[in-house]
Amino acid sequence: MKKIVLLTLSTLALLANPYESNQEEMDSVIKTGQEVSTTLLKTLGKNLKKEMKAGGPIAAASFCTTKAYDLTESVDKKYGKEISVKRISLKERNPVNKAVGDELIILDAMDKMQKSGVVLPEYFVERVNKETYKYYRPLSINKQVCLKCHGNVQNNPKLSNYLNKTYPHDKATGYEFGDLRGAVVVTIKK
Ligand code: HEC
(Lines give C-alpha, C1' and ligand atoms only; values in the text may rest on other atoms or scores of the structure.)
Protein backbone atom coordinates (compact mmCIF):
# COMPACT_ATOMS: atom_id res chain seq x y z
CA MET A 1 0.00 0.00 0.00
CA LYS A 2 2.75 2.38 1.01
CA LYS A 3 4.57 1.71 -2.23
CA ILE A 4 1.54 2.65 -4.32
CA VAL A 5 1.14 5.95 -2.49
CA LEU A 6 4.77 6.82 -3.00
CA LEU A 7 4.60 5.99 -6.67
CA THR A 8 1.54 8.19 -7.13
CA LEU A 9 3.17 11.11 -5.37
CA SER A 10 6.32 10.94 -7.44
CA THR A 11 4.28 10.63 -10.63
CA LEU A 12 2.36 13.74 -9.63
CA ALA A 13 5.57 15.60 -8.90
CA LEU A 14 6.84 14.71 -12.36
CA LEU A 15 3.64 15.85 -14.00
CA ALA A 16 3.72 19.16 -12.18
CA ASN A 17 7.29 19.83 -13.21
CA PRO A 18 7.97 18.31 -16.62
CA TYR A 19 11.52 19.69 -16.76
CA GLU A 20 12.74 18.87 -13.32
CA SER A 21 16.15 20.47 -12.97
CA ASN A 22 18.80 19.94 -10.40
CA GLN A 23 20.19 22.65 -8.22
CA GLU A 24 23.64 22.38 -9.77
CA GLU A 25 22.28 23.08 -13.25
CA MET A 26 20.20 25.99 -11.93
CA ASP A 27 23.21 27.47 -10.13
CA SER A 28 25.25 27.32 -13.31
CA VAL A 29 22.45 28.98 -15.33
CA ILE A 30 22.27 31.81 -12.80
CA LYS A 31 26.03 32.24 -12.76
CA THR A 32 26.22 32.39 -16.57
CA GLY A 33 23.23 34.73 -16.78
CA GLN A 34 24.77 37.10 -14.26
CA GLU A 35 28.14 37.10 -15.96
CA VAL A 36 26.88 37.59 -19.52
CA SER A 37 24.31 40.28 -18.62
CA THR A 38 26.89 42.16 -16.54
CA THR A 39 29.39 42.07 -19.41
CA LEU A 40 26.77 43.47 -21.79
CA LEU A 41 25.64 46.22 -19.43
CA LYS A 42 29.19 47.24 -18.60
CA THR A 43 30.16 47.32 -22.28
CA LEU A 44 27.17 49.47 -23.24
CA GLY A 45 27.37 51.67 -20.12
CA LYS A 46 31.07 52.42 -20.51
CA ASN A 47 30.66 53.44 -24.15
CA LEU A 48 27.56 55.51 -23.48
CA LYS A 49 29.34 57.41 -20.72
CA LYS A 50 32.34 58.10 -22.93
CA GLU A 51 30.18 59.37 -25.82
CA MET A 52 28.01 61.54 -23.55
CA LYS A 53 31.13 63.15 -22.15
CA ALA A 54 32.71 63.69 -25.56
CA GLY A 55 29.73 64.90 -27.57
CA GLY A 56 26.54 65.16 -25.47
CA PRO A 57 23.21 63.40 -25.99
CA ILE A 58 22.97 63.64 -29.78
CA ALA A 59 26.42 62.22 -30.42
CA ALA A 60 25.76 59.56 -27.80
CA ALA A 61 22.35 58.70 -29.28
CA SER A 62 23.84 58.35 -32.74
CA PHE A 63 26.56 56.19 -31.24
CA CYS A 64 23.81 53.96 -29.74
CA THR A 65 22.13 53.77 -33.14
CA THR A 66 25.22 52.54 -34.92
CA LYS A 67 26.95 50.62 -32.15
CA ALA A 68 24.55 49.30 -29.47
CA TYR A 69 23.48 46.38 -31.62
CA ASP A 70 27.03 45.57 -32.78
CA LEU A 71 28.32 45.70 -29.21
CA THR A 72 25.53 43.37 -28.12
CA GLU A 73 26.43 41.00 -30.95
CA SER A 74 30.11 41.07 -30.00
CA VAL A 75 29.26 40.05 -26.40
CA ASP A 76 26.90 37.41 -27.80
CA LYS A 77 29.69 35.95 -29.99
CA LYS A 78 32.23 35.99 -27.18
CA TYR A 79 30.27 33.36 -25.23
CA GLY A 80 29.85 30.85 -28.06
CA LYS A 81 26.79 29.42 -29.75
CA GLU A 82 25.21 27.82 -26.68
CA ILE A 83 24.69 31.25 -25.15
CA SER A 84 23.03 34.32 -26.61
CA VAL A 85 22.20 37.71 -25.21
CA LYS A 86 19.94 40.60 -26.19
CA ARG A 87 17.88 43.46 -24.80
CA ILE A 88 14.10 43.53 -24.93
CA SER A 89 11.46 46.14 -24.18
CA LEU A 90 7.68 46.56 -24.14
CA LYS A 91 8.14 50.11 -25.46
CA GLU A 92 11.03 49.62 -27.83
CA ARG A 93 13.00 52.27 -29.68
CA ASN A 94 14.63 49.90 -32.15
CA PRO A 95 12.11 47.32 -33.46
CA VAL A 96 14.75 44.57 -33.21
CA ASN A 97 14.42 44.84 -29.42
CA LYS A 98 10.68 44.29 -29.30
CA ALA A 99 9.67 41.60 -26.79
CA VAL A 100 7.68 38.78 -28.43
CA GLY A 101 6.25 35.38 -27.47
CA ASP A 102 7.17 34.07 -24.04
CA GLU A 103 9.45 37.06 -23.50
CA LEU A 104 6.51 39.41 -23.94
CA ILE A 105 4.47 37.54 -21.32
CA ILE A 106 7.32 37.56 -18.81
CA LEU A 107 8.32 41.18 -19.35
CA ASP A 108 4.69 42.26 -19.12
CA ALA A 109 4.37 40.40 -15.79
CA MET A 110 7.49 42.17 -14.51
CA ASP A 111 6.09 45.52 -15.59
CA LYS A 112 2.79 44.85 -13.80
CA MET A 113 4.63 43.79 -10.65
CA GLN A 114 6.84 46.87 -10.73
CA LYS A 115 3.81 49.14 -11.23
CA SER A 116 2.11 47.45 -8.25
CA GLY A 117 5.02 48.37 -6.02
CA VAL A 118 6.96 45.10 -6.12
CA VAL A 119 10.70 45.53 -5.79
CA LEU A 120 11.84 43.30 -8.62
CA PRO A 121 14.47 40.65 -7.93
CA GLU A 122 17.79 40.75 -9.70
CA TYR A 123 16.71 38.00 -12.12
CA PHE A 124 14.03 35.54 -13.26
CA VAL A 125 14.75 32.16 -14.80
CA GLU A 126 12.46 30.58 -17.40
CA ARG A 127 12.74 26.88 -18.17
CA VAL A 128 11.96 26.89 -21.88
CA ASN A 129 12.46 23.15 -22.45
CA LYS A 130 14.69 20.31 -21.34
CA GLU A 131 17.87 21.96 -22.68
CA THR A 132 17.07 25.63 -22.72
CA TYR A 133 16.85 28.28 -20.04
CA LYS A 134 16.30 32.01 -20.30
CA TYR A 135 17.76 34.30 -17.69
CA TYR A 136 15.99 37.69 -17.44
CA ARG A 137 17.59 40.67 -15.79
CA PRO A 138 15.13 43.55 -15.30
CA LEU A 139 16.47 46.92 -16.48
CA SER A 140 15.05 50.03 -14.96
CA ILE A 141 15.57 53.73 -15.44
CA ASN A 142 18.01 53.82 -12.56
CA LYS A 143 20.20 56.77 -13.57
CA GLN A 144 19.25 60.35 -14.35
CA VAL A 145 21.17 60.12 -17.62
CA CYS A 146 18.68 57.55 -18.99
CA LEU A 147 15.99 60.24 -18.89
CA LYS A 148 17.93 62.45 -21.31
CA CYS A 149 17.02 60.07 -24.11
CA HIS A 150 14.10 58.10 -22.63
CA GLY A 151 12.31 60.82 -20.62
CA ASN A 152 10.72 64.03 -21.93
CA VAL A 153 12.92 64.33 -24.99
CA GLN A 154 10.83 67.23 -26.36
CA ASN A 155 12.84 69.40 -23.96
CA ASN A 156 15.73 68.92 -26.36
CA PRO A 157 14.35 69.68 -29.86
CA LYS A 158 17.54 68.67 -31.66
CA LEU A 159 17.64 65.30 -29.95
CA SER A 160 13.92 64.86 -30.43
CA ASN A 161 14.38 65.55 -34.17
CA TYR A 162 17.20 63.05 -34.38
CA LEU A 163 15.14 60.36 -32.64
CA ASN A 164 12.05 61.01 -34.79
CA LYS A 165 14.08 60.76 -37.94
CA THR A 166 16.03 57.66 -36.94
CA TYR A 167 13.20 55.81 -35.17
CA PRO A 168 9.87 56.81 -36.73
CA HIS A 169 8.08 54.34 -34.44
CA ASP A 170 10.04 55.17 -31.28
CA LYS A 171 8.08 54.15 -28.17
CA ALA A 172 10.94 54.58 -25.71
CA THR A 173 10.22 58.09 -24.39
CA GLY A 174 8.15 59.49 -21.51
CA TYR A 175 9.73 57.25 -18.88
CA GLU A 176 10.12 58.37 -15.29
CA PHE A 177 12.83 57.55 -12.81
CA GLY A 178 12.38 53.99 -11.46
CA ASP A 179 10.23 52.74 -14.38
CA LEU A 180 10.97 49.33 -15.84
CA ARG A 181 12.68 50.00 -19.18
CA GLY A 182 13.05 46.37 -20.30
CA ALA A 183 15.30 43.42 -19.63
CA VAL A 184 18.48 41.72 -20.69
CA VAL A 185 17.72 38.15 -21.80
CA VAL A 186 20.44 35.52 -21.76
CA THR A 187 19.43 32.27 -23.47
CA ILE A 188 21.45 29.30 -22.24
CA LYS A 189 21.46 25.85 -23.83
CA LYS A 190 22.69 23.01 -21.66
C1 HEC B 1 22.24 59.39 -25.47
C2 HEC B 1 20.92 58.84 -25.51
C3 HEC B 1 20.61 57.64 -24.65
C4 HEC B 1 20.82 57.50 -23.30
C5 HEC B 1 21.46 58.48 -22.35
C6 HEC B 1 20.28 56.20 -22.95
N7 HEC B 1 19.76 55.57 -24.05
FE8 HEC B 1 18.84 53.76 -24.11
N9 HEC B 1 18.72 53.88 -26.15
C10 HEC B 1 19.13 54.97 -26.91
C11 HEC B 1 19.01 54.63 -28.32
C12 HEC B 1 19.35 55.56 -29.51
C13 HEC B 1 18.54 53.30 -28.39
C14 HEC B 1 18.28 52.46 -29.63
C15 HEC B 1 19.57 51.71 -29.97
C16 HEC B 1 19.49 50.88 -31.23
O17 HEC B 1 19.04 51.39 -32.26
O18 HEC B 1 19.93 49.73 -31.16
C19 HEC B 1 18.38 52.86 -26.99
C20 HEC B 1 17.94 51.60 -26.62
C21 HEC B 1 17.79 51.17 -25.31
C22 HEC B 1 17.31 49.85 -24.94
C23 HEC B 1 16.94 48.72 -25.89
C24 HEC B 1 15.47 48.61 -26.12
C25 HEC B 1 14.93 49.57 -27.17
O26 HEC B 1 14.10 50.38 -26.79
O27 HEC B 1 15.35 49.50 -28.35
C28 HEC B 1 17.30 49.81 -23.57
C29 HEC B 1 16.86 48.63 -22.71
C30 HEC B 1 17.79 51.09 -23.11
N31 HEC B 1 18.07 51.90 -24.19
C32 HEC B 1 17.94 51.42 -21.77
C33 HEC B 1 18.60 52.56 -21.32
C34 HEC B 1 18.92 52.81 -19.94
C35 HEC B 1 18.55 51.91 -18.77
C36 HEC B 1 19.61 54.00 -19.90
C37 HEC B 1 20.27 54.66 -18.71
C38 HEC B 1 21.35 53.90 -18.11
C39 HEC B 1 19.69 54.49 -21.28
N40 HEC B 1 19.07 53.59 -22.11
C41 HEC B 1 20.29 55.67 -21.68
C42 HEC B 1 19.58 56.18 -26.43
C43 HEC B 1 19.95 56.42 -25.12
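**Exercise 1. Explain why helices H2 and H5 count as roughly parallel to each other.**

Solution. The structure is a predicted model, in which local features need pLDDT of at least 70, side-chain atom pairs count only at pLDDT 80 or more, and totals for chains, interfaces and linings use all residues. Residues are numbered from 1 along each chain as its sequence is written, and side-chain values use heavy atoms, without hydrogens and water.

Step 1. Helices, DSSP runs of H or I with at least four residues, are numbered from the N terminus, as are strands (E, at least two). H2 covers residues 23-78 and H5 residues 157-166.

Step 2. Axes are lines fitted to C-alpha atoms, for helices over the stretch in contact, and angles run from 0 to 180 degrees between N-to-C directions. The two axes come within 9 Å and cross at roughly 15°.

Step 3. Angles under 35 degrees count as roughly parallel; H2 and H5 are therefore roughly parallel to each other.

**Exercise 2. Determine how the rings of Tyr 123 and Tyr 135 are arranged.**

Solution. Step 1. Rings of Phe, Tyr and Trp (its six-membered ring) pair if their centres lie within 6.5 Å, and planes under 30 degrees apart count as stacked. The structure holds one such aromatic pair.

Step 2. The ring centres of Tyr 123 and Tyr 135 are 5.3 Å apart and the planes lie at 25°, so the pair is stacked.

Step 3. Tyr 123 belongs to the loop between helix H3 and strand E2, whereas Tyr 135 is in strand E3, twelve residues apart.

**Exercise 3. Identify the protein donor of the iron atom.**

Solution. Step 1. Donors are N, O and S atoms within 2.8 Å of the metal (3.2 Å for Na, K and Ca); water is not among the atoms, so sites may look incomplete.

Step 2. The ligand's iron atom has a single donor from the protein, NE2 of His 150, 2.1 Å away. His 150 lies in helix H4, residues 144-150.

Note on methods:
Angles under 35 degrees count as roughly parallel, over 145 as roughly antiparallel, 65 to 115 as roughly perpendicular and the rest as oblique. Rings of Phe, Tyr and Trp (its six-membered ring) pair if their centres lie within 6.5 Å; planes under 30 degrees apart count as stacked, over 60 as edge-to-face and the rest as tilted.
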